Amino acid sequence: MTSAIGYELAQVNIARLKAPLDSPQLKDFVDSLDPVNADADTADGFVWRLEGEGGDATDVAVFGDEWLIINMSVWRDTNALTAFMYQGRHREMLARRREWFERIQEAMVAMWWVPAGHRPTVAEAEARLLHLRANGPTPYAFTLRTPFPAQGAEPVALEVPVAPVVPVVPDGLGCSV
């Protein structure tokens, strides 16, 4: 699905680690991060990715859980994202994900359209994931299997709380570690 002029596709995926990042079990994963990120940075349709102090996002907190890691990026459209995801080194990493990450029943991946130039925050990504889990795919948060067009992608009017709300990690998000 291609974007409408003025919109880009944001995506987030989170994963629950099976072991610490510095463990032998995750060595191949960690060693692959820089090359795969370099591939993404030069991929057709790539716009932006979340980076922490180490150049990747493994040190960026998500849902207040040190066993969760986040990957968030912005792409021209779903075609560009899909083309990157299912080829080369990224495809190889996808094939091995069960070695490194726990199997989770809830949605761990969400996509949404953002105005061109917008860089989503972790809080925004957490809200989109929680919305997808609660409501299924909608224009506010969707999946590659159930995409929505960018047309009319204006932010969905949600009730705004008086005080900021910190997202609560739902029970059963993953294995207790």
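Helix α1 passes helix α3 in a left-handed crossing. Left-handed means that the near helix is turned anticlockwise from the far one by less than a right angle. Helices here are DSSP runs of H or I with at least four residues, and strands are runs of E with at least two, numbered from the N terminus. The model is predicted: local features need pLDDT of at least 70, side-chain atom pairs count only at pLDDT 80 or more, and totals for chains, interfaces and linings use all residues. Residues are numbered from 1 along each chain as its sequence is written, and side-chain values use heavy atoms, with hydrogens and water left out.

Stay with this helix pair. α1 covers residues 27-41 and α3 covers residues 88-95. They pack at an angle of about 145°, with axes 9 Å apart. Axes are lines fitted to C-alpha atoms, for helices over the stretch in contact, and angles run from 0 to 180 degrees between N-to-C directions. From α1 come Phe29, Ser32, Pro35, Val36 and Asp39; from α3 come Arg89, His90 and Met93. Contact means heavy atoms within 4.5 Å.

The largest nonpolar core has 26 residues, and Phe29, Trp75 and Phe101 have the most contacts inside it. Such a core is a set of buried Ala, Val, Leu, Ile, Met, Phe, Trp, Tyr and Cys residues joined through side-chain atoms within 4.5 Å. Buried means under 20% relative accessible area, exposed over 50%, and partly exposed in between, with a 1.4 Å probe and protein chains only. At least two core residues each come from β1 (7-16), α1, β3 (68-75), α2 (78-85) and β4 (109-115). What does Phe101 touch, not counting residues up to four places away in sequence? Its partners are Ala15, Arg16, Leu17, Lys18, Phe29 and Ile69. A second, separate core has 24 residues, including Val122 and Ala141.

Val122 is also one of the buried residues of α5. This helix runs over residues 122-135 and reaches 20 Å from its first C-alpha to its last. That is close to the 20 Å expected at 1.5 Å a residue, where the expected span is 1.5 Å times one less than the number of residues. The buried residues of α5 pack against β1, β3 and β4. Gly136 follows the helix, with a positive phi near 75°.

End at strand β4, the place of Pro115. Pro115 is partly exposed, at 47% relative accessible area. Pro115 and Gly6 are 109 residues apart in sequence, yet 5.8 Å apart in space, C-alpha to C-alpha. Leaving aside neighbours within four places in sequence, Pro115 is in contact with Gly6, Tyr7 and Glu8.
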